[in-house]
Amino acid sequence: SLEEVPVKTGALKASGQNIPVNTPHSIGCEVGYGSEAAPYALIQHERLDFHHDVGKAKYLEDPVNAAIPILPKELIRRLEGER
């Protein structure tokens with residue numbers, strides 16, 4: 001998503017987070033932008049009518065959707081490589 005997040009001042013891009021979220025039965029992470037500026041990040045993500053000189057709306061959703069077809073194979077590849 002770093003290649004797609006809108007950049008005006010750089011503050012939104014700099015607020016990007018990748019936080020591990022692990023439980024005894026799962027491994028995951030939360031990816032997001034905004035911290036205390038989350039309402040701003042949400043507006044920039046959802047408003048398709050905004051013009052961005054750098055980046056675009058749906059900067060989180062589109063990369064996730066694009067990765068869905070390759071995620072299972074990539075996960076298997078990485079797990080097998082760690083054996």
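Guide: Welcome! Keep in mind that this is a predicted model. Let us begin with Lys58, which lies in the loop between H2 and helix H3 (61–67).

Visitor: Is Lys58 called buried or exposed, and why?

Guide: Lys58 has a relative accessible area of 15%. Buried means under 20%, so Lys58 is buried.

Visitor: And why is Ser35 called partly exposed?

Guide: Ser35 sits in the loop between strand S2 (26–32) and helix H2 (38–46). Its relative accessible area is 41%.

Visitor: How many aromatic pairs does a search of the whole structure find?

Guide: The search finds one aromatic pair. Its partners are Tyr33 and Tyr59, with ring centres 5.4 Å apart and planes at 80°.

Visitor: What makes that pair edge-to-face?

Guide: Centres must lie within 6.5 Å for rings to pair, and planes over 60 degrees apart count as edge-to-face. With 5.4 Å and 80°, Tyr33 and Tyr59 therefore form an edge-to-face pair. The pair links distant parts of the chain, since its two residues are 26 residues apart.

Visitor: How do you know that Tyr33 and Tyr59 are buried?

Guide: Tyr33 has a relative accessible area of 9%, and Tyr59 has 1%. Buried means under 20%, so Tyr33 is buried, and so is Tyr59.

Visitor: Which residues make up the largest nonpolar core?

Guide: That core has five residues: Val5, Leu12, Tyr33, Ala41 and Tyr59.

Methods. Residues are numbered from 1 along each chain as its sequence is written. This is a predicted model: local features need pLDDT of at least 70, side-chain atom pairs count only at pLDDT 80 or more; totals for chains, interfaces and linings use all residues. Side-chain values use heavy atoms; hydrogens and water are left out. Helices (H or I, at least four residues) and strands (E, at least two) are DSSP runs, numbered from the N terminus. Buried means under 20% relative accessible area, exposed over 50%, partly exposed in between (1.4 Å probe, protein chains only). A nonpolar core is a set of buried Ala, Val, Leu, Ile, Met, Phe, Trp, Tyr and Cys residues joined through side-chain atoms within 4.5 Å. Rings of Phe, Tyr and Trp (its six-membered ring) pair if their centres lie within 6.5 Å; planes under 30 degrees apart count as stacked, over 60 as edge-to-face and the rest as tilted.
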